[in-house]
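My plan is to look up one topic at a time and write down what I find.

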Amino acid sequence: MFALQLALSGLAQGAIYALVALSMCVVYRGTTVVNFGHGDLVMAGAFVVYLLVVLAGLPFYASAALAVVLLVVLGVAIEIGLIERIKAGPHVGFALMCIAFGYVLRGIARAVWGREVLPMPRVFDFPPLLIGELVLTGDAIVIFAAVGVLLVAFFALFYRSSAGRVMQAVCQSERGAALVGINVRAFHAAMWGVGAALAAIGGVLVAPITLLHPGLGASFLIKGFAAMTLGGFGSFGGAVLGGLILGVAEQLVGGYVSTKLIDITAYLVIILVLALRPNGLFGRAIAEKV
Amino acid sequence: MKLFLSALACVLATTAAAEDGVTANSIKIGIMGPFTGNASSYSKAEIGLDAYYKWVNDQGGVNGRKIETVLEDYACDGAKGVAAVKKLIYQDKVFMLHGNSCSAVAMAIKPVVVESGVPWVIAHAANPAISAPPTKNIFHGVPVGKTMGVAMGQFVASKPGTSRVAVISHTDDWAKSYCGPANDFLASKNIKPVVEVAFERGQTDATAQTLKIKQANPDFVIACLYEAETAIFLKDAKKYGLNVPVMGTAGTDLENTLKRVGDLDTVANYYVPHMYADNLDGPRLKPFAEILKKYYPNESLTAFSLIAMGSAAAVVEALKRTGREPTREKLIAELDRTKDFDTHVLAGHITWSPTDRDGVKDVAVAGFVKGKPTVLKSWGKPL
């Protein structure tokens, strides 16, 4: 029962990691940019919800929807205003730009809410579901439901719709997609918008469970990277599975080995996967013809 | 003769102004605090400190000089703390330093301050290693972690039937400074932890820790955690049905913890060391709360807000005793002559000497009684 409870909690935590990893994966696969500022988009989503719920007095679900829309706009603006402009430069410029805008977002949050660790109203505060001795908390139920619906919608859109097939085409070959008339620049902006939206949803789900502070995104960035690495860079399914495995692994390591190791589980995963299976569970090795 | 006296006055005035941070009409005090970052609510202590010095100025200052405060932020970060304190000492040329929440930062800046010889009164950070063994220029103006750790242990042991204690803590020096003495005290009563789990700063889930503690079936939990992690642990404890009292540290307070967890039920069994002479809204603390309100009208009152005012009162008294020509040497000597000084804010009186700079040695405990924060002498016994 102890192990089952740990696994259940780990799956709920892992679902958030999965969402963050998926959102990073969308940006990476769609634009080849590894977004080192992605954790701060999660934080921004959470803070926008806080702003709308606590300060503007809007209902939570309306605030959540509005936060996602605002983050889509922010994601598109980052792509068009910052990333697109440095396309011709070295690839490391993308990484530095992402780190820089992440810190700017963090700085803005600090400037506005600097001296407080902020609590969100408890919107998921319904009684836990008891299955024997197993506790399925209200938070976990909401996270499972929200992330589950979102993933089904995302995968249906990407793999089953015509828009999704266009996306896949651009992901496989930008030049080929451009030759058949697809607007690649608009596609990149859209991918940043989708990535930011998924990050915002992660923030929206996390906000009522934990407390808000400007550094909130940092740990989610590492967890997202670890999940992406485990699943295989660029694999959407892998990112989701990687997030879930990481969440469960953290709990089991904490429960059975040592709680001191929970914090470094993500780093251990990155080291082990890169050392033993660099392409992760579902990534494919890129064959280079010379 | 007139010319001689004028020249003498000039020489004396120059001498009086020779010490860094002292002019004919001001004394400059550097206040460093975590005004930003995720531990920034601790800086309420430094805000209260600044308010107190502003109030002193409105009462006429110290021996005709106004206190000029210079506030520096270090966001509870060691590297930023070192930069902030170097700026205060060598650029702003302050006469003395007062402040500092975040023990880890205090430990990082300690070598810089010791080398400079600038007097430093610690207003909030609780790690005993900051002021012990004694150095020439460092004075602790709040109870150290050891004092509070012992008080935590005493309170836990005062609950009848306590024999099984669980510990959840960060793995840093700050947490050890509370949990170590608490555990040592309990060990002296033959109570040893049945389980000890780590919960690191920045983690957002305490399920594994909570379940391990629940499995050990304790009578009491000691939680040496910062504010955010305390709230997360208390929420998880409620979720998983861990219904035992939790003894926290002075790094948290009841009012803010209640605000963070969102309902009284979750904090009803939460206790913290209480350094004040009264309840926060009690008559003895009212004048100090009004000082804060006067100079920082938008600042909410929490358990950190007034904590540095006690050591500020002691500093003002020592400065007065240095006379019209204060020097750092004189101030250090006068601080060392502070004996059994009642600050009217802190529960304990302040006593410093060259061989003992741990100034405050009495602490109570606070918990919710009938939904209201109440100061307690021991389990179930209000002060």
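Before I count anything, I note that two residues are in contact if their C-beta atoms, placed from the backbone, lie within 7 Å. I also remind myself that this is a predicted model.

**Entry 1: chain A as a whole**

With that definition I looked up the contacts in chain A between residues at least 6 apart in sequence, and I found that 76% of them join residues at least 24 apart. I then listed the elements of chain A, which has 11 helices and four strands. Buried residues make up 52% of the 290 residues in this chain. For its extent, I noted that the C-alpha atoms fill a box of roughly 60 × 45 × 35 Å along the principal axes. I compared the radius of gyration of chain A, 19 Å, with the value near 19 Å that a compact globule of 290 residues would have, and the two agree.

I also checked the confidence of the prediction, where chain A averages a pLDDT of 86 and 96% of the residues score at least 70. Among its elements, helix 3 (residues 60–83) has the highest mean pLDDT, 93, while strand 1 (residues 118–119) has the lowest, 78.

**Entry 2: the largest nonpolar core**

Which residues touch the most other members of the largest nonpolar core? I found A:A18, A:A46, A:L71 and B:I222, in a core of 220 residues. Helix 1 (residues 2–31) of chain A gives the most to this core, with 17 residues. The core also draws at least three residues from each of domain 1 and domain 2 of chain B.

**Entry 3: where the chains meet**

I next looked at the contact between the chains, which takes 28 residues from chain A and 30 residues from chain B. On the side of chain A, helix 1 gives the most, with five residues. That side divides into nine nonpolar, 13 polar and six charged residues.

After helix 7 comes B:N217, whose phi is positive, near 55°.

**Entry 4: the domains of chain B**

The domain assignment gives domain 1 (17–143 + 283–336) and domain 2 (146–274 + 364–382). Their C-alpha centres lie 30 Å apart. I found 13 residues of domain 1 in contact with 15 residues of domain 2, and the side of domain 1 that touches domain 2 has eight nonpolar, five polar and no charged residues.

**Entry 5: backbone details in chain B**

A cis peptide bond joins B:A132 and B:P133, with omega about -5°, and B:P133 is found in the loop between strand 4 and strand 5.

I placed B:D340 in the loop between helix 13 and strand 11.

Definitions and conventions
Residues are numbered from 1 along each chain as its sequence is written. Chains are lettered from A and ligands numbered from 1 in the order in which they are written. This is a predicted model: local features need pLDDT of at least 70, side-chain atom pairs count only at pLDDT 80 or more; totals for chains, interfaces and linings use all residues. A nonpolar core is a set of buried Ala, Val, Leu, Ile, Met, Phe, Trp, Tyr and Cys residues joined through C-beta atoms within 7 Å. A residue is buried if 20 or more other C-beta atoms lie within 10 Å of its own, exposed if 12 or fewer, and partly exposed in between; C-beta atoms are placed from the backbone. Helices (H or I, at least four residues) and strands (E, at least two) are DSSP runs, numbered from the N terminus. Domain bounds come from an automatic or database domain assignment. Ala, Val, Leu, Ile, Met, Phe, Trp, Tyr, Cys and Pro count as nonpolar, Asp, Glu, Lys and Arg as charged, and the others, Gly among them, as polar. pLDDT is the predictor's confidence in each residue, from 0 to 100. The radius of gyration is taken over C-alpha atoms; the globule rule is 2.2 Å times the number of residues to the power 0.38.
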